[in-house]
Amino acid sequence: MPDSSRRLHTAAQVRELDRRAIAGGVSGYELMQRAARACWRLMTGQGRRTDAIVVVCGPGNNGGDGYEIARLAKADGHAVHVLSVGGMPRGGDARRACDAWRDDGGAVEPYAGSLPHGEWIVDAMFGTGLTRALSDEALDAVRAIRLARKNGARVLAVDVPSGLDAGTGALPSGEAVHADLTVSFIGRKPGLYTGHGPAICGARHFDDLAIAASDDDVPPVAQLQAEADLRTWLAPRSRTAHKGDHGHVLIVGGNRGMMGAALIAARAALRSGAGLVSVATRGEHVAAMTAAQPELMCRDCDDVAQLRPLLRQVDAIAVGPGLGTDAWARTLLSAVLDSGKPLVIDADALNLLASEPVSPADAILTPHPGEAARLLGCGTAAIQADRLAALHAIEQGFGATVVLKGAGTLVSGQPCPVICPYGNPGMAVGGMGDALTGIVVALRGQGLDAQHAAQAGVLIHALAADRAASGGERGLLPSDVIAGLRAIVNPQRP
């Protein structure tokens, strides 16, 4: 069962949890006050002086949270400016919060195209229910908040940065508030962790407002990964272990001019604990690859007849790094698909699979958004507009475990997919996906099933990249990540 602290729910599910809490005796206004207190605790705990505060409120309950934050700030002796976008609340708890702010002597000014100075800007315009494009007024306010942040203000987003679809991580208007802190309530939302969410949410904090969610009643749509998960999959090795116990894996790829991709995948497989690593590649690459990494067993496979005996010897196969799309590539991929062995399919092998769709048995597909679009016959924008839906569509269409790479990488599985909250922009460089492929196939060779090999591989890859990026993201290379794999795949016992 998913860890309750890592479950992700849709906006509709969170509204249902909210409704149940109210039906159980907690008033909606009390929940609003709890949310405001959670935000104020974070704002005052940031270690910097906070004098002037600007709160930008929408007409709904998100705005109600904002009015309550303004009340707390005013009571604490701060100068507070409250601006309304989209009009005043017309009723309900939001109206009650607005009236309470006014009863405390606070003023509300309509947004008029600019923001007063504030050390903090609170974005309380729109919450988790927003899936439409912003109005012109709201879009202008979004831009004003972004300008204030650029000029030194810190921004706290209440529940979700305005303009972000909390369910998908898409930007219906193409723009959204960029926050330093985002505080979400009752249930975590997937859009904060994938798509555009990781880029604009800043530090993400969660407060359940003392409402407990039940998987039986409101099952999560996804779950966040955590570093501690690795201890579940990577137990200490037996003192009597030998190389045969840890799998013989094969990397198929490295067409002319693309030897490096296959070499990166093979090196990653070695550093992820595979007992034996073979590479099936063009004959002209064998000597150079062996010299570059003597632990590899590199095979001349210019003819598919040279590949077939090797397929029978190995425990798991990765196909695609540097494979190309010519006749040689197609012939090798066909033989791999017919092998009956556990597969990891990446890069050019995915492009070939898209052109001649089949449902490979016992396979893991690892597309980036462009490859995912080709697999589904749509545009990349459609993939990014709803990454969870794209993940499910590929999984169902190809009958495989799927890794949808990108900011907030998704991995299919039961009882629900997982989202990796680790990784960094330094990973946006050629060869990084090849390293992931090598890690995943090594885990398959060591006995993990497809779902757990994919999930563990994504987590290992991202954690190693984050450690490697400690000296800076720009200039990060796959070789830097591979160099740090050994520390990650040998997790410390608690």
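In which sense do strand E10 and strand E13 pair, and over how many bridges? The legends below describe a predicted model, and the first of them takes up this pair.

**View 1. Pairing of strands E10 and E13.** Strand E10, made of residues 248–252, runs parallel to strand E13, made of residues 316–319, and four bridges link the two.

**View 2. The open sheet of eleven strands.** E10 and E13 belong to an open sheet of eleven strands with mixed pairing. The order across the sheet is E1-E9-E18-E17-E16-E15-E14-E13-E10-E11-E12. Strand E1 (7–8) and strand E12 (297–300) each have a single partner strand, so these two stand at the edges and one side of each has no neighbour in the sheet.

View 3. Helix H8, residues 259–271, lies across E10 and strand E11 (276–281), and the angle between H8 and E11 is about 170 degrees. Helix H17, residues 450–468, also packs on the sheet. The strands that H17 touches are E15 (363–365), E16 (401–404), E17 (410–411) and E18 (418–419). The direction of H17 makes about 15 degrees with that of E16.

**View 4. The crossing of helices H16 and H17.** Helix H16 spans residues 432–445, and its axis comes within 8 Å of the axis of H17, with a crossing angle of roughly 135 degrees. H16 is therefore oblique to H17. The crossing is right-handed. From H16, the contact involves Met 432, Ala 435, Leu 436, Ile 439, Val 440, Leu 443 and Arg 444. On the side of H17, these residues meet Ala 450, Ala 453, Ala 454, Ala 456, Gly 457, Val 458, Ile 460 and His 461. Of the residues in the contact between H16 and H17, twelve are nonpolar, two are polar and one is charged.

**View 5. The open sheet of seven strands.** Another open sheet has seven strands in the order E4-E3-E2-E5-E6-E7-E8, with parallel pairing. Its edge strands are E4 (108–110) and E8 (203–207), each of which pairs on one side only. On average, and with direction ignored, neighbouring strands of this sheet are turned by 20 degrees against each other.

View 6. Strand E7, residues 181–185, runs parallel to E8 and is joined to E8 by five bridges. Phe 185 has Asp 207 in E8 as its bridge partner.

Methods: Residues are numbered from 1 along each chain as its sequence is written. This is a predicted model: local features need pLDDT of at least 70, side-chain atom pairs count only at pLDDT 80 or more; totals for chains, interfaces and linings use all residues. Side-chain values use heavy atoms; hydrogens and water are left out. Two strands pair if DSSP finds at least two bridges between them. Contact means heavy atoms within 4.5 Å. Axes are lines fitted to C-alpha atoms, for helices over the stretch in contact, and angles run from 0 to 180 degrees between N-to-C directions. Angles under 35 degrees count as roughly parallel, over 145 as roughly antiparallel, 65 to 115 as roughly perpendicular and the rest as oblique. A crossing is left-handed if the near helix is turned anticlockwise from the far one by less than a right angle, and right-handed if clockwise. Ala, Val, Leu, Ile, Met, Phe, Trp, Tyr, Cys and Pro count as nonpolar, Asp, Glu, Lys and Arg as charged, and the others, Gly among them, as polar.
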